[in-house]
Amino acid sequence: MTDTQLTTATRVVDGVEVPIVGTWKLDPSHSRLAFEARHVVISRMRGRFRRSNGVFHIAERPEDSSVEVTIDAASLDTTHEKADEHLRGPDYLDVATYPNLTFHSTSVRHIDAERWEVVGELTIRDVSRPITLDATFNGALPVAYGPKAKLAFTATGRFDRRDYGMTQNVGNEVTLTLDAEADLVDEPSDGS
């Protein structure tokens, strides 16, 4: 454990507070990936994915950072069993054929204050399309607050379900919201 981990989990780059450099692993027990779409176009259907994993590589230059997330498609949960079966089936996620949804970032850009733009590729049903996430860095805590340093952020993005071959009678726009907590698993040594 380094002195940096003991005293702080953030640093300031160009006047902006960001996490320390390192690899941060998504803590699935303290993270939530939710989605929302219109049901039969008039009411809202909300749900979440119960299982996912991910890694956030925080670089010396924050703009060089990257994100990779894998979502277990079968873990979809709307609290409505019949709807869940339909959404897992061939009309939508087709989890028997495509067990995972994935996101990997292609660029990170600071917007203002705690806000960042994370652009990447969202893959659903083996179809990859660009998506832009509006992300907010919610802060980080050093090891003194637990066995590992932690960071938290919230990210929201929207996509058109038809781009992924899902054409049944729900609203076209789907909103994804990730409330993430991650643990520092690897901090580079000085000079990296």
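The model is predicted.

Rolling a probe the size of a water molecule over the atoms shows where empty space is left. When the whole structure is searched, two cavities of 30 Å³ or more are found. The largest cavity holds about 520 Å³ of space. Its lining consists of 32 residues, and the closest to the centre are F56, V67, V118, A135 and F153. Several strands give two or more residues to this lining, among them strand 2 (16-19), strand 6 (52-58), strand 7 (66-72) and strand 9 (100-112). Strand 10 (115-124), strand 11 (127-141), strand 12 (150-160) and strand 13 (170-186) also give two or more residues to it.

Strand 13 gives the most, with three residues. The lining of the second largest cavity divides into 15 nonpolar residues, no polar residues and one charged residue.

Aromatic side chains come next. A pair of aromatic rings is described by the distance of the centres and the angle of the planes. A search of the whole structure finds three aromatic pairs. One of them joins F56 and F153: the ring centres are 5.0 Å apart and the planes stand at 85°, so the pair is edge-to-face, as planes over 60 degrees apart count as such. F56 belongs to strand 6 and F153 to strand 12; the two are 97 residues apart, and the pair thus links distant parts of the chain. F56 has 2% relative accessibility and counts as buried because this value is under 20%. F153, at 13% relative accessibility, is buried as well. Both residues were named above among those closest to the centre of the largest cavity.

Another pair is formed by F159 and Y164. Their ring centres lie 5.3 Å apart and their planes are at 85°, so this pair is edge-to-face. F159 and Y164 are both buried.

Some of these residues also belong to the nonpolar core. The largest nonpolar core has 48 residues, and W24, F49, F56, L93, L122, I124 and F159 have the most contacts inside it. Strand 13 supplies the largest share of this core, six residues. What does F49 touch, apart from residues up to four places away in sequence? The residues are L33, F35, I71, D72, A73, S75, L76, L93 and L101.

T175 is placed in strand 13, and its relative accessibility of 17% makes it count as buried. Not counting residues up to four places away in sequence, T175 touches A34, F35, E36, T156, G157 and R158. L178 is also located in strand 13, and with a relative accessible area of 13% it is buried. Leaving aside neighbours within four places in sequence, L178 is in contact with R32, L33, F153, T154 and A155. L178 and G157 are 21 residues apart in sequence, and their C-alpha atoms are 9.0 Å apart in space.

T10 counts as buried, at 15% relative accessibility. Beyond residues up to four places away in sequence, T10 touches E17, V18, P19, I20, F137 and A140. From C-alpha to C-alpha, T10 and V21 are 8.7 Å apart in space, while they are eleven residues apart in sequence.

Two loop residues complete the account. D14 is placed in the loop between strand 1 and strand 2. Although D14 is not a glycine, it has a positive phi of about 50°. Is D14 buried or exposed? With a relative accessible area of 76%, D14 is exposed, because this value is over 50%. D126 lies in the loop between strand 10 and strand 11. D126 has a positive phi of about 65° and is not a glycine. At 65% relative accessibility, D126 counts as exposed.

Terms used:
Residues are numbered from 1 along each chain as its sequence is written. This is a predicted model: local features need pLDDT of at least 70, side-chain atom pairs count only at pLDDT 80 or more; totals for chains, interfaces and linings use all residues. Side-chain values use heavy atoms; hydrogens and water are left out. On a 1 Å grid over the protein atoms alone, a cavity is a set of points where a 1.4 Å probe fits but cannot get out, and a pocket is an open set with protein on both sides within 12 Å along at least five of seven lines; lining residues have an atom within 4 Å of a point. Grid points are joined across faces, edges and corners, and a volume is the space filled by probe spheres set on the points. Helices (H or I, at least four residues) and strands (E, at least two) are DSSP runs, numbered from the N terminus. Ala, Val, Leu, Ile, Met, Phe, Trp, Tyr, Cys and Pro count as nonpolar, Asp, Glu, Lys and Arg as charged, and the others, Gly among them, as polar. Rings of Phe, Tyr and Trp (its six-membered ring) pair if their centres lie within 6.5 Å; planes under 30 degrees apart count as stacked, over 60 as edge-to-face and the rest as tilted. Buried means under 20% relative accessible area, exposed over 50%, partly exposed in between (1.4 Å probe, protein chains only). A nonpolar core is a set of buried Ala, Val, Leu, Ile, Met, Phe, Trp, Tyr and Cys residues joined through side-chain atoms within 4.5 Å. Contact means heavy atoms within 4.5 Å.
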